[in-house]
Structures are given as structure tokens and as C-alpha cells.
Number of protein chains: 2
Amino acid sequence: MNRSISDVIEQFIMSSLDDNDFIELSRNDLAKFFSCVPSQINYVLNTRFTINRGFVIESQRGGSGYIKLTRMHDNDSNFLKNSLECCAKPMTVLEANQLIQNMLDKKLINEREANLLKCIISAKALNNPINIDNTIRSNIMRQVIIELSKNDK
Amino acid sequence: MNRSISDVIEQFIMSSLDDNDFIELSRNDLAKFFSCVPSQINYVLNTRFTINRGFVIESQRGGSGYIKLTRMHDNDSNFLKNSLECCAKPMTVLEANQLIQNMLDKKLINEREANLLKCIISAKALNNPINIDNTIRSNIMRQVIIELSKNDK
DNA sequence: AGCACTGAAAGTCAAAGAAAGTCAAAAAGT
DNA sequence: ACTTTTTGACTTTCTTTGACTTTCAGTGCT
């Protein structure tokens, strides 16, 4: 197996995640360590540690910036993955409400949270040109799912 | 997580506020203590201890000058009412985040809820024509506040 | 008492620095 | 040929630094 540097970096990051549910990386340091350009790290992250594979990435730029990588819990991850597909297209209020109800049923959120979400994706909250309304709604739900995927507190 | 010197200073000031409702700082002494330039203290104050997060800063220059930092206390309904006014105008991500942080500080929402809200009002979630972006954001926050007011004690 | 001087604060603002992100071209695999 | 990987120039975001400004209390002089 003639593996690429990307594979090696993937492996390295993967094993760092063995012990912890999340790790914090320095893009520049990692790049230096593997003698590659920094954007290669982004490439690895974007191609290997995707939401669909159960990972969530957060980061901050600027002085003492960082990249935080979180692994999702497996049981929830499937449901969330499927839900994500739901959010690939614009959603009506009805569809969004159903998704929220599903999340509630699966105990991924509680009642209070469900109510919050419902009011947020309501027509009132997204009061603006109708044609992009549903798009924003699915964008919001996608972000919610990503947020719920982070299993740290 | 204390990533930057600014974060460390923020923490320090924050914990000084644990016991008292207000504290008096000496900009120069603080700067000396943390081995940074005095204006760094201003930076921390301006980015972390903002009005939107419920802090008030008073200061005096010149001989025996000082910086007085006060944490605002007002009851929940007052707070919600004021927050509503905040949402009368379009809001930037930063403004919304500070409002959410403030709600968290006041225990009107918990950390999980705060994170949910933050991701919802993020640029990513509201990914659409910039000029109406901020308007949607304030609409959303308004609905959230209204929702939170429902189960008010 | 009133006034000017002085030095000790704090404030401002913009440049420099330090990350991370983006995107597309070039290179390498298959 | 086509897909994946590698590279690097350019962008964006946040932090750190420092030169310069403003304000004030105290002091000494008239």
C-alpha cells in the first residue's frame, strides 16, 4: 500500500482520537511536523473527517488560533447523518417541525429545546422573501444537527 | 480554555467578579502582572466585558486613575424587555452572540441551549443575501425571547 | 484662593503579527 | 481520461504592540 501523506496524517489524527472524544490541533504545527503546507491539513480534515463520517470541526483564526476536532457518538450519528440529508434541500415549516419532533422522540433534544427550535424555524422568525425562506430553514436545521453532533459540553 | 493571553486576563477578571458585583482595576498594574502592554487590557475589556454581555465600565484617567467594572443585575423580565429592544434592529453575529452569552450568564438558558442558538444565528446558518441577513438574525432572536418569556416565573 | 505646571494614569487607533480558510492550478495516481 | 492529492498565493479573522492623545490630581507659585 503506497500511502499518501494525507493518509498518514489521517492515521495520526485518528489515533489521537483514540483516547479522547475531541482533540485540539494547531494547523501550522501539524503541517510542520509532516513537512507539508498548512492547507494540506485542511484537505485531510475536509476529505476524511467529515460530518458524514461522524466528525465535527470547529476552529478559530488569528493569534493563538486552533482547530478542534470532535468525534460523534455512534448511536446518534446514524440518525443525525440521515437527518442531514433531509436538510440538503429547502424545507417547509411542516418538514422542519417533523424533524424536530423526531429529534425529541429520540431524546436528542428535550421539550424546551424543541419549542425553541420550532419558534426559530417558524414563518415569523424567517420573515423574508418567500423563495429563500425554506433554504434558510434547512440551513438552520443543518447547523443544529451539526451542533448536536458535538458530544462535548 | 485559555488559549491566548487575552483569554487568561479575561478569566482572571471574571473570577475577581465572582465574589463582588464590581471591582476596581489598575490598568497599568494588571498589564505589568500579565507582562503585556496596557492597551491589551483595553482590548480584553472591549471584546469581553461589553454592555451586551452585561458589564459596565467606568474609568478615570490621570493621577490615581482607575477602571471600575460592574456586572449588571436586573431581573429577568426587565432583561428580556431590554433584549427585545436590541432585536428591533438588524443584528450582527457578534451582537447576537453577546446577547446569547448574556442570557447564559443570567441563567435564562443553559450552555447547551446557548450553543444551539449561537450556531443558528451564525453566518453559515443564515447563508443568504447579506443585506437581509442581519434582519433575519434579529427576527430569530426576537422569537427566542418571546418563547423564553412564556415560561417565565 | 486661583492658576499654571507636571507627572501619572487611562484612551485611541492603526500597524504588525499570528493563526486558520479558500481556491484553483499543478502533479501524481489509477 | 479522470480522480485524488499536493502546493501556494491570497484572504479573513483575531490578537498583540506601541506611538500618540487626553484627562486628572497634586503641587507650587502668585
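A salt bridge, for this talk, is a side-chain nitrogen of Lys or Arg within 4 Å of a carboxyl oxygen of Asp or Glu. By that rule, the count over all chains comes to seven salt bridges. Please keep in mind that this is a predicted model.

Let me begin inside chain A. D7(A), E10(A) and R48(A) are linked in a network of salt bridges. R48(A) pairs with D7(A), with the closest N and O atoms 2.5 Å apart. R48(A) sits in helix 3, residues 38-48, and D7(A) in helix 1, residues 5-16, so the pair links distant parts of the chain, 41 residues apart. How accessible are the two partners? R48(A) is buried, with a relative accessible area of 12%, whereas D7(A), at 23%, counts as partly exposed.

Turning to chain B, the side chains of R48(B) and E10(B) meet in a salt bridge of 3.3 Å, N to O. Here R48(B) lies in helix 3, residues 38-48, and E10(B) in helix 1, residues 5-19, so parts 38 residues apart are tied together. R48(B) is buried at 14% relative accessible area, and E10(B), at 19%, also counts as buried because the limit is under 20%.

I now move to the interface. In it, 28 residues of chain A are in contact with 29 residues of chain B. The area buried between the chains is about 2,500 Å², and carbon and sulfur atoms give 63% of it. On the chain A side, R112(A), L116(A) and Q143(A) lose the most area to chain B, together 22% of what that side buries.

Three salt bridges are counted between the two chains; one of the salt bridges joins E113(A) and R112(B) at 2.7 Å, N to O. Six residue pairs are in polar contact there. Helix 7 of chain A gives the most to the side that touches chain B, with eight residues. That side divides into 16 nonpolar, six polar and six charged residues.

Finally, the nonpolar core. The largest one has 53 residues, and those with the most contacts inside it include I120(A), I140(A), M103(B) and I140(B). Helices 4, 5, 6 and 7 of chain A and of chain B each give two or more residues to this core. I140(B) touches residues of both chains, among them I120(A), L126(A), I140(A) and I121(B).

Notes:
Residues numbered from 1 in each chain as written. Chains lettered and ligands numbered in written order. Predicted model: local features only at pLDDT ≥ 70, side-chain atom pairs only at ≥ 80, totals over all residues. Heavy atoms only, no water. Contact = heavy atoms within 4.5 Å. Buried area = accessible area lost by both parts, 1.4 Å probe. Polar contact = N/O pair within 3.5 Å; in protein donor to acceptor, adjacent residues only side chain to side chain. Helix = DSSP H or I, 4+ residues; strand = E, 2+ residues; numbered from the N terminus. Nonpolar A, V, L, I, M, F, W, Y, C, P; charged D, E, K, R; others polar. Core = buried A, V, L, I, M, F, W, Y, C linked by side-chain atoms within 4.5 Å. Buried < 20%, exposed > 50% of the residue type's maximum accessible area, 1.4 Å probe, protein only. Lists of a residue's contacts leave out its neighbours within four places in sequence.
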